[in-house]
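Subject: Structure handover

Hello,

Here is the structure I said I would pass on. Please open it next to this message and follow along.

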Amino acid sequence: MKFICTLLFSLLIISANAGAQNLTGIWKGHFVQKSFGYYEDRYKFEIQVEQLANNALNGVTYSYKTTVFYGKADLKGIYTKKTNNIVFNETKLLEVKIGDQSQPCLMTCYLEYGKMGSLETLTGTYTSRNLKNGTDCGNGQVYLEKVKESDFHKEDFLVKRENELKRRQNAQNNTAKAPPTRATPKVPQQSVQPKGIKPGAEENIVSKDNRTNRQNEINKGILPPPTEELVQAPPTERAPIQKPDVIRKRTNELAKKVIISSKEFKIDLYDNGEIDGDTISVYHNNKLIVSKKLLTHKPISLNIKVDENETHHEFVMIAENLGSIPPNTALMIITAGGKRHELHITSTEQKNAVVVIEYKPDN
């Protein structure tokens, strides 16, 4: 049976500019399902999204293909400013119409932000799960462009934002049209110069005398010698780390999201079962931290520190091979603040396993 899925996406926003992107608006394009190793069944796809002050994302998705399928879903997500990554989950279906025997699915997607001139795009992959029984619905590719007009009813948060922008524009136009106020010019006072001294020369004489007197007092020990003032340059903002090809070109499936309140946590990775030669690499927020290590009964240990400026930690496990017993499987143990989380994760040469650890202090 062919599955047709409504699409919710995860936005991976990496721009050529270092600054964070404003995602609020309408994104329109398509997604293509992948079946039996080939891409087929292109569906139109639209997203209306609002980026909140705390970097949370709310909105809706529309997926449709003529009279075969139409679906509207609620979406929620988290935006990570440092890496410009967003994980989105489709939470529920709001409207659905199915013209054949297809079944609706909920989706998670991983997209990349790009900009060329005035064109802004989101491209990437998605995975999905059956709404009724939670089984795998397949995966595919996504392409979206940011546009001004929607094929559907605009959500209230978009209408409110457009009205606010219009009010600001009108206020600016009214300010620009207001006649300038005329200020009474000040008449500079005429200073009387002593005879025989050119204008400005007396300032140089006084300044020279002051410097001479100050130097004499420094030499006698009355005044301390001058000290150099150290000026600290403002810190430069680090550019986001670009997503490596092994993540960008493979399907990325979220295995688990763990919330912690401790500023330190530890990850231990073991082979999950018989030692069969599984080799993995691990990326932390797109940065390689484990390179082609063999999974055994001895742990590969990682100690991570977090703070308020870096609360989102995304770990992607890459299968470098499948060992003698496919697929590549691992046991991940996360220890944080006295709590222990055990995860069984699987990866292949086409699919990476993603684990997200989010720091949220108790207060």
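Strand β15, made of residues 312-319, pairs with strand β18, residues 351-359, in the antiparallel sense, and six bridges join the two. Within this pair, histidine 312 stands opposite glutamate 358 of β18. Bear in mind that the model is predicted.

Which order do its strands take? The sheet is open, has five strands, and runs β10-β18-β15-β12-β13, with mixed pairing. At its edges are β10 (251-260) and β13 (287-294), each of which pairs on one side only. On average, neighbouring strands of the sheet are turned by 20 degrees against each other, with direction ignored.

Next, the cavities. A search of the whole structure gives two cavities of 30 Å³ or more. Which strands each supply at least two residues of its lining? They are β15 and β18, the two strands that pair over six bridges. The lining of this cavity consists of Val282, Phe315, Val316, Met317, Met332, Ile345, Ala353, Val354 and Val355. Sorted by class, these are nine nonpolar residues, with no polar and no charged ones.

Another residue to look at is threonine 125, which lies in strand β8 (residues 119-130). Is threonine 125 buried or exposed? Its relative accessible area is 4%, so threonine 125 counts as buried, the cut-off for buried being under 20%. What does threonine 125 touch, leaving aside neighbours within four places in sequence? Its contacts are Cys109, Tyr110, Leu111, Gly140, Gln141, Arg250, Thr251 and Asn252. One of these, Thr251, brings us back to the sheet above, where β10 covers 251-260.

Last, some figures for the protein chain. It has three helices and 18 strands. Of its 363 residues, 40% are buried. Among contacts between residues at least 6 apart in sequence, 64% join residues at least 24 apart. The contact between threonine 125 and Thr251 is one to find in the viewer.

Regards

Notes
Residues are numbered from 1 along each chain as its sequence is written. This is a predicted model: local features need pLDDT of at least 70, side-chain atom pairs count only at pLDDT 80 or more; totals for chains, interfaces and linings use all residues. Side-chain values use heavy atoms; hydrogens and water are left out. Two strands pair if DSSP finds at least two bridges between them. Helices (H or I, at least four residues) and strands (E, at least two) are DSSP runs, numbered from the N terminus. Axes are lines fitted to C-alpha atoms, for helices over the stretch in contact, and angles run from 0 to 180 degrees between N-to-C directions. On a 1 Å grid over the protein atoms alone, a cavity is a set of points where a 1.4 Å probe fits but cannot get out, and a pocket is an open set with protein on both sides within 12 Å along at least five of seven lines; lining residues have an atom within 4 Å of a point. Grid points are joined across faces, edges and corners, and a volume is the space filled by probe spheres set on the points. Ala, Val, Leu, Ile, Met, Phe, Trp, Tyr, Cys and Pro count as nonpolar, Asp, Glu, Lys and Arg as charged, and the others, Gly among them, as polar. Buried means under 20% relative accessible area, exposed over 50%, partly exposed in between (1.4 Å probe, protein chains only). Contact means heavy atoms within 4.5 Å.
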